[in-house]
Amino acid sequence: WELYRGVEFNIGAEASFFGMEIVDYSENLVSHRELIAQGVIDPLPENPPPPPEEGTSTITDSRDSQVYKIVKIGNQWWMAKNLNYTSANSQCYENDPSNCDVYGRLYNFATALTICPSGWHLPSDSEWKILITNLGGTSVAGGKMKSTGTKYWMSPNTGATNRSWFYGLPAGLRTNYSLDFSSIGKETYWWSS
């Protein structure tokens with residue numbers, strides 16, 4: 001936004017004869033404009049500021065004492081870190097424990113339905129849709145959920161602002177048919193109940 005002050009003074013003449021224009025003259029005698037203030041509305045920094053304290057918290061999984069940041073988006077609370085609870089039918093990407101430390105574990109659908117910490121559940125499709133709506137719709141919600149920069153996401157990570165503090169990371173997947181790992185750094189997938 002910009003705020004100006006100034007003055008503009010025009011002089012001119014206009015004449016017509018039987019509906020036909022014969023003179024149309026205008027000249028600007030004085031035009032002065034001075035910028036007195038300017039600013040930026042809603043800048044989108046590369047690394048967003050920490051979330052407001054009233055909209056975030058943490059939970060501790062009583063099964064293994066891991067702590068997870070959670071964030072309130074609209075009226076819903078979401079985990080802001082991928083689950084990393086060790087169970088049958090879960091893996092670290094390429095079976096490397098360091099990938100679990102960063103991206104959490106990969107779960108098959110049957111396990112995902114039952115693996116959430118006490119008091120939490122796998123979100124339904126309608127809950128995902130509410131989240132997307134609260135973040136401005138399908139064209140911008142993904143960027144507001146993605147972690148910024150290229151430390152985890154491959155370049156250029158276009159559109160990522162993490163304005164929701166959801167911290168979505170590209171954990172990749174393991175396919176059911178070939179059991180191959182793929183897409184770490186490129187894509188992420190979340191289950192819906």
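**Stop one: the largest pocket**

Start with the largest pocket, which has a volume of about 1000 Å³. Keep in mind that you're looking at a predicted model. To find the middle of this pocket, select Tyr107, Leu122, Tyr189, Trp190 and Trp191, the closest to its centre of the 41 lining residues. Next, color the elements that give two or more residues to the lining: β5 (76-79), β7 (106-107), α2 (109-112), α3 (125-134) and β8. Which element gives the largest share of the lining? That's β5, with 4 residues. Now try coloring by class: you'll get 25 nonpolar, 12 polar and 4 charged residues in this lining.

**Stop two: the second largest pocket**

Move on to the second largest pocket, with about 200 Å³ of space. Select its lining: Trp128, Ile132, Gly142, Met145, Lys146, Trp153, Gly168, Thr188 and Trp190. Both α3 and α4 supply at least two residues each here. By class, this lining splits into 5 nonpolar, 3 polar and 1 charged.

**Stop three: serine 147**

Now select serine 147, in the loop between α4 (141-145) and β8 (173-174). Is serine 147 buried or exposed? It's buried, because its relative accessible area is 7%, and buried means under 20%.

Show the side chains of serine 147 and tryptophan 153, and look for the polar contact of 3.2 Å that joins them. Leaving out residues up to four places away in sequence, serine 147 also touches Asn157, Ala160, Asn162, Tyr167, Gly168 and Leu169.

Definitions and conventions
Residues are numbered from 1 along each chain as its sequence is written. This is a predicted model: local features need pLDDT of at least 70, side-chain atom pairs count only at pLDDT 80 or more; totals for chains, interfaces and linings use all residues. Side-chain values use heavy atoms; hydrogens and water are left out. Buried means under 20% relative accessible area, exposed over 50%, partly exposed in between (1.4 Å probe, protein chains only). A polar contact is a pair of N or O atoms within 3.5 Å; within protein, one must be able to donate a hydrogen and the other to accept it, and residues adjacent in sequence count only if both atoms are side-chain atoms. Contact means heavy atoms within 4.5 Å. On a 1 Å grid over the protein atoms alone, a cavity is a set of points where a 1.4 Å probe fits but cannot get out, and a pocket is an open set with protein on both sides within 12 Å along at least five of seven lines; lining residues have an atom within 4 Å of a point. Grid points are joined across faces, edges and corners, and a volume is the space filled by probe spheres set on the points. Ala, Val, Leu, Ile, Met, Phe, Trp, Tyr, Cys and Pro count as nonpolar, Asp, Glu, Lys and Arg as charged, and the others, Gly among them, as polar.
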